[in-house]
Amino acid sequence: MGQILNPTLLLTILVLTMVGTVYSGNFNEEFDLTWGEHRGKIFSGGKMLSLSLDRVSGSGFKSKKEYLFGRIDMQLKLVAGNSAGTVTAYYLSSEGPTHDEIDFEFLGNETGKPYVLHTNVFAQGKGNREQQFYLWFDPTKNFHTYSLVWRPQHIIFMVDNVPIRVFNNAEQLGVPFPKKQPMKIYSSLWNADDWATRGGLVKTDWSKAPFTAYYRGFNAAACTVSSGSSYCDPKFKSTFTNGESQVANELNAYGRRRLRWVQKYFMIYDYCSDVKRFSQGFPPECRRSRV
């Protein structure tokens, strides 16, 4: 079962939300390689990390710390060439059957065909809130920054500081929102050729293994939670002191234009538009106006 904070501690963190600790992270200090044996590597003095996948196993890592609200940035360079069947996942998650989770998943493809960026939000164990996108660049050629901005008001998914998705808190409509369970950062590279590429029609070409993804530039401005206590660096101002201006800056007029641009030209699936799936009516949050 994921850790759920008591009301007093939760109130403390809400008052201090985004009074965050800033890390320009060293992977040795911030993360543990959790599975895959030698297939995960930390190198360059802790500034770089790689995950690999072969026919025997994939690999993964997770953060040493738990976070409750903040902004998490990570630079990734995805598996190059024929990456069909592979999935590189980068996400926040708590534990247990009623866990919360905020997902980036990069679904590989055949050489020359675009990756699919799959996003999802779980709250109290329920997900099924998928949006999918193509990217406007080749994510295998260079490092790009993938960010999660997690506040009590909303979750923003960002790519190179461009907002691609906003999931608003709709608790007033009876929709659960992740705000009570601290989450760790996870990432993994694994074989999912039963579904990842064209619904499983394209299988992993193991002659191209090992497949490798690279990480650098981890940064977190966030509250951390450990052993039932929280820590937020006082040099950051509270969201609840000047929160409206901070939220507005994250989604100013330019940001909203960029969001609309991405959703118009690069979104390829939105659960809130899937009439066949929701023939009896869309989830309540889908009836809210878009940003």
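Exposed means over 50% relative accessible area, and buried means under 20%. Both words are used in that sense in the legends below, which describe a predicted model.

**Figure 1. Overview of the predicted chain.**
The protein chain holds four helices and 17 strands. It has 291 residues, and buried residues make up 56% of them. Take the contacts with a separation of 6 or more: residues 24 or more positions apart account for 70% of these.

Helix α4 covers residues 253–265, which is 13 residues. From first C-alpha to last, α4 reaches 18 Å, close to the 18 Å expected at 1.5 Å a residue. Gly255, Leu259, Val262 and Gln263 are the buried residues of α4. Viewed down the helix axis, the buried residues fall within an arc of 95°, so they line one face of α4. Tyr254, Lys264 and Tyr265 sit on the other side of α4 and are exposed. The buried residues of α4 pack against three strands: β10 (131–133), β13 (162–168) and β17.

**Figure 2. The open sheet of eight strands.**
Eight strands make up this open sheet, and their pairing is antiparallel. The order is β2-β5-β14-β7-β8-β9-β10-β17. At the edges lie β2 (31–35) and β17 (267–270), each pairing on one side only. From one strand to the next, the twist averages 15°.

**Figure 3. Pairing of β5 with β14.**
Strand β5 spans residues 59–63, and strand β14 spans residues 184–191. Four bridges hold this antiparallel pair. Lys62 stands opposite Tyr186 of β14.

**Figure 4. Strand β9 and its two partners.**
Strand β9 runs over residues 116–122, and seven of its seven residues are buried. Val116, His118, Asn120 and Phe122 point one way from β9. Leu117, Thr119 and Val121 point the other way. Residues on both sides are buried. β8 and β9 run antiparallel, joined by seven bridges. Here Leu107 has Val116 of β9 as its bridge partner. β9 and β10 also run antiparallel, joined by three bridges. Here Thr119 has Gln131 of β10 as its bridge partner.

Ile102 belongs to strand β8, residues 101–107. Ile102 has a relative accessible area of 0%. That value is under the 20% cut-off, so Ile102 counts as buried. Leaving aside residues up to four places away in sequence, Ile102 touches Tyr90, Tyr91, Leu92, Asn120, Leu148, Trp150, Ile155, Phe157 and Met183. Pro178 is 76 residues from Ile102 in sequence, yet their C-alpha atoms are 8.7 Å apart in space.

**Figure 5. The largest nonpolar core, and another one apart from it.**
The largest nonpolar core has 53 residues. Ile72, Met74, Phe104, Tyr146, Trp150, Tyr215 and Phe218 touch the most other members. Strand β15 (residues 211–226) gives this core its largest share, seven residues. Another core, of six residues, lies apart from the largest one. Among its members are Val149, Met158, Leu251 and Leu259.

**Figure 6. Close-up of Ile72.**
The contacts shown for Ile72 exclude residues up to four places away in sequence. Ile72 touches Tyr67, Tyr90, Leu92, Tyr146, Ser147 and Leu148, among others. The list also includes Ile185, Phe218, Asn219, Ala220 and Ala222.

Methods
Residues numbered from 1 in each chain as written. Predicted model: local features only at pLDDT ≥ 70, side-chain atom pairs only at ≥ 80, totals over all residues. Heavy atoms only, no water. Helix = DSSP H or I, 4+ residues; strand = E, 2+ residues; numbered from the N terminus. Buried < 20%, exposed > 50% of the residue type's maximum accessible area, 1.4 Å probe, protein only. Contact = heavy atoms within 4.5 Å. Pairing = 2+ DSSP bridges. Axes fitted to C-alpha atoms, helices over the stretch in contact; angles between N-to-C directions. Core = buried A, V, L, I, M, F, W, Y, C linked by side-chain atoms within 4.5 Å. Expected span 1.5 Å × (residues − 1). Arc of directions from axis to C-beta.
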